[in-house]
Amino acid sequence: MADPVFDSKSASFLNWFRSLPGATFHPDIKIEDLRENGAGRGIVATTDIPEDTVLFTIPRTAIINTQTSDLPRRIPQVFETTGLEDTDNEADEDGDETSGPPDNWVSLILIMIYEYLQGDNSRWKPYFDVLPSQFETLMWWSGQELAELQASSIVAKIGKDEANDMFRAKVLPVIDEHADIFYPAGSERLSEDQLMVLAHRMGSTIMAYAFDLENDDEEADPENDDEWMEDKEGSLMMGMVPMADILNADAQFNAHVNHGEDNLSVTTLRPIPAGTEVLNYYGPLGNGELLRRYGYVTSHHSRYDVTEISWGLIISVLKETLKLDDSIWGKAINELDLEEIEEAFVIERDSGEPDSRGELHHEATFKELPADLVEQIHTILKAIRKVSPDAIPDKVIRDEITLLAIHRALELRLAQYTTSQVVDLDLLSENKVSGRQKMAVVVRWGEKVLLQEAINFTQEKVLKVKSKAGEESEPYAKRQRTR
């Protein structure tokens, strides 16, 4: 069903975009309302479009950033470059104030709030009108909704408290000190609570839509010629790119954003049939991370699903497996450099990369355990052997203990989820869930499938090592039973 208000904002935005000096928009594409498909706006081909067609061009002067907004020139003392700025494009976790200028993240939030508050006085007003006011990203989920993710590691990465601290330390004080700049004459000023909501809204908008701005004229890295450019940490500038962010994205895609000296352009990677959506690429993100950053999940991104296993869980399993007394454990721990100890390890598949046409051809398979996890277990087992040589007599037994511990820890990690794969699959295949609950089930089911693959892989490795141990020495499990 058509939405006249929604469509009118899209038309106004397109007219504004076409009026920009240097902007182009191909006649065989259109902005379409895709909310029935779980998306917002998107760009769709109206006729068959050949490969290597430029769909639209965005002049760099149309991008919202520190070079194009008036705010840095109106309060230059806030944006001065001292060489101390943080360029990792992530909000500081501690939220502490610093003596240097704001980092890229905070700078763009301040600029977005400023331009939003200008209303009709901002030259980007038609663009703001098509930016979302509501989000599906995890930052906006209730506690009950987040509970549907069960034991997913992604919950710990949301960072709402850290964002609140950062806003109060680095954003709100600037707005308060320069209120006469941020608020147009005669406009109503927002309360602290209203500003916090606005800061979260702009932060979520930047998280989901901002680009790290590259320049294709810069010297290329020959080692990465065939790799797709993803969000690049440490780039010089972040910016909001009108029209480019209307594109939705998937792990299989058909268009690419090219960064030129004076503009950004979007080009087709292969022929796009009429009626097909034009899709960008956000990188090899699992559905949990895709949901955290962008507020959606897709079947193609499930190949990149990841989960984590904690070192604490590994240690508890090792203690149970080795059955050593506390004094030996204490001496072994004292042998370790605790600053070198990793607290969590990523479980993931070998998922392959999309080809030059944005297509995936390789099956995603679980091929190896995290090397850093195996190495860290070996380190503590070496320390134990130094204290108690009989506990781990040789490398074959060491490898068997390592695999047994990882296998058991993976089983316990899977058991932390409160529903089974079978239950989750039934919920999804029978369409018994929708909205945020469905996305949560997709994430948790994908992580359970991955964990089961890791369990099966490790079990095969255990059998091989036990077979080798049987040939060379007494298997560890038998030694444990006969002690």
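Before looking up any bridge partner, I noted that two strands pair if DSSP finds at least two bridges between them, and that helices (H or I, at least four residues) and strands (E, at least two) are DSSP runs numbered from the N terminus.

I am working with a predicted model, in which local features need pLDDT of at least 70, side-chain atom pairs count only at pLDDT 80 or more, and totals for chains, interfaces and linings use all residues. Residues are numbered from 1 along each chain as its sequence is written, and side-chain values use heavy atoms, with hydrogens and water left out.

I looked up the sheet and found it open, with 4 strands in the order 1-4-9-8 and antiparallel pairing. Its edge strands, strand 1 (24-25) and strand 8 (255-259), each pair on one side only. Strand 8 pairs with strand 9 (residues 263-268) in the antiparallel sense over 5 bridges, and I traced His256 to its bridge partner in strand 9, Thr267.

Last, I checked helix 13 (residues 371-387) against helix 14 (residues 395-415), and they pack at an angle of about 125° with their axes 10 Å apart; axes are lines fitted to C-alpha atoms over the stretch in contact, and angles run from 0 to 180 degrees between N-to-C directions.
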